[in-house]
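User: I would like to learn how to read a model of this kind, feature by feature. Please give the general idea, then the case at hand.

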Amino acid sequence: MSYRKGEDTPAKKRRRMPHVAVIDRDDVMRTADRDELEQVCQRLTNGNEFYIGQRRQDDHDV
């Protein structure tokens with residue numbers, strides 16, 4: 001995936017928002033779960049900017 005110069009990339013968002021909340025899950029994240037997570041983030045940040053990402057840690061998703 002390519003980005004234009006000056007575009008807000010995921011790497012820039014991670015650098016700008018360094019705090020991480022880890023949610024350890026045994027099962028796959030579903031669409032309803034992601035929607036609920038976005039609502040909670042909106043509430044916690046009072047509608048300000050936030051970034052949601054997934055990664056593999058050991059043998060499960062976080």
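User: Where is confidence lowest, and where is it highest?

Analyst: pLDDT is the predictor's confidence in each residue, from 0 to 100. Where it is low, the predicted coordinates should not be read in detail. Here the mean is 78, and 89% of the residues reach 70 or more. Strand β2 (residues 60-61) has the lowest confidence, at a mean of 63, and α2 the highest, at 86.

User: How many helices and strands are there?

Analyst: Helices (H or I, at least four residues) and strands (E, at least two) are DSSP runs, numbered from the N terminus. The protein has two helices and two strands, in the order α-α-β-β from the N terminus.

User: Which side chains form salt bridges?

Analyst: Side chains of opposite charge can pair when their charged atoms come close. The criterion is a side-chain nitrogen of Lys or Arg within 4 Å of a carboxyl oxygen of Asp or Glu. Two are found in the whole structure. Arg 16 and Glu 49 form one of them, at 2.5 Å, N to O. Because Arg 16 lies in helix α1 (residues 10-16) and Glu 49 in the loop between α2 and β1, this pair ties together parts 33 residues apart in sequence. Glu 38 and Arg 34 also form a salt bridge, at 3.8 Å, N to O; both lie in helix α2, four residues apart, about one turn of the helix.

User: Is Phe 50 buried, partly exposed or exposed?

Analyst: Buried means under 20% relative accessible area, exposed over 50%, and partly exposed in between (1.4 Å probe, protein chains only). Phe 50 has 23%, so this residue is partly exposed. Contact means heavy atoms within 4.5 Å. Leaving aside residues up to four places away in sequence, Phe 50 touches Met 17, Glu 38, Cys 41, Gln 42 and Thr 45.

Key
Residues numbered from 1 in each chain as written. Predicted model: local features only at pLDDT ≥ 70, side-chain atom pairs only at ≥ 80, totals over all residues. Heavy atoms only, no water.
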